[in-house]
Every structure is written in structure tokens, then in C-alpha cells.
Amino acid sequence: MSELRDRIQQTIETEPVVAFVKGTHEQAFCGNSERAMGALRAVGASFTAVDVLPDPAIRQELSALSNWPTIPQVFVAGELVGGADIVQELAASGELEAKLTEKLGDSWRRPGAERTVEVTGGGGGLRLVPGA
Amino acid sequence: MSERLEELLRTAFPAAQEVAVVDRTGGGDHFHVTVVDGRFDGLTLLEQHRLVYSALDGPLKDGSIHELRITTRSEA
């Protein structure tokens, strides 16, 4: 397993709610990424975004891990929930909140608690995107 | 391009009640596909969308789909 894939896996496993998107939590560069993050916001969920744009390898390794071909991808407690359409649909039906509570208790209810992390770059571990 | 996607979906879902492909921007690379098929019954949304992705694997891999929205239902 590559070092990058390890980091992606680690991020999926350690972040309670993580959205792999094109852009950051502050600025999405893709309508679907914006829709996925919007759906998380709509239910008041805290989440961590990972920008896949800095390196095409992020997307390749992520899709190899998740067996899901497109971006965005939203994971809750290590499990793939889906892309923008599914997350939006589950948010509208109330199932997203139910899943978050089932997996995370009440800890996910932190509206506005958002950040973006990088999975690339030298050295181990995650680092926060400056200014984010 | 829309015709190609519809053909792939019709092949993968021969018993579908409905297959629709909308070119959202007119540019031939942003699509919204809808598939209504009884075989989705009992599957999670994740599993339903995986079936659609599988049908569209070619155009997803060769980059001819830039953005894809998916709607799946088990009945109309």
C-alpha cells in the first residue's frame, strides 16, 4: 500500500465525518462537492474536508480504496455514505441524521465546525490547510 | 453522448421502467441520469448507484463524463 493511500485510509478511519471534495470547506470548485457539504451543513453536522485537487493521485487512491468512481465522497465513522446525490437524498429524508447518530452518538451536532486537511506533502500525518 | 449513455444504461438495465439521460449544460459532459427499475428494490442507495456507475464505467474512465448526477428508484 502506498504512503498516500495509507494517509487517506487513516483520514477515513480517524475523522468522524469526512468529505473528499474538489476545493475546501470554504470554497468548492465543483457543484457536486458544494451540494455534498451543503447537505452536511443542512443537518448541522461537523465535518472535515479533504481537497483532492492538489494531486490527481489522491483521487485515484481514494477511488481504489472506496470502489467509488466520482468526487465528492462522504464517509461517516469510516464507512462510505455516498456522493452528493445520496447524501442530499439522505439529508432530505432524515436518514442522514439517523446514520450520524447511530455511528457517532450526538458528537456530530456541531454546526459550523468545519475544517480542511491535506493528505499530501512530505512528512507524516495530516496537516491543516493554512488559513482554513 | 447522451445517446451513448442511454444505450449503456438500457443494456445494463434491460427491464427498467424508465431510463432518462439529461445533458444538464448542453455541453455534452454534465449529465443527470435517472433509472427506475424493480431490481433496485431492497438495495441501499449506495448499492443502487454502484450499479449505475458500473453500467457507465467506460465513459467515466475515459473522462467523457465530467459530472454525473444519479437518481434511482425501484418504482415509478
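## A walk through chain A

Start with chain A: 40% of its 132 residues count as buried (20 or more other C-beta atoms within 10 Å of a residue's own; exposed means 12 or fewer, partly exposed in between, with C-beta atoms placed from the backbone). This is a predicted model, where local features need pLDDT of at least 70 and side-chain atom pairs count only at pLDDT 80 or more, while totals for chains, interfaces and linings use all residues. Residues are numbered from 1 along each chain as its sequence is written, with chains lettered from A and ligands numbered from 1 in the order in which they are written.

Colour by secondary structure next. Chain A has five helices and six strands (DSSP runs, H or I of at least four residues and E of at least two, numbered from the N terminus).

Now select α1(A), residues 3–14. Which of its residues are buried? Pick A:Arg7, A:Ile8, A:Thr11 and A:Ile12. They sit on the same side of α1(A), because they cover an arc of only 135 degrees around the axis (from the directions from the helix axis to the C-beta atoms). The buried residues of α1(A) pack against β1, β2, α3, β3 and β5 of chain A.

Next, show the largest nonpolar core, with 35 residues (buried Ala, Val, Leu, Ile, Met, Phe, Trp, Tyr and Cys joined through C-beta atoms within 7 Å). Among those with the most contacts inside this core are A:Phe20 and A:Val21. Apart from this core lies another, of 14 residues, including B:Leu9 and B:Phe31.

Notes: The expected span of a helix is 1.5 Å times one less than its number of residues. Two residues are in contact if their C-beta atoms, placed from the backbone, lie within 7 Å.
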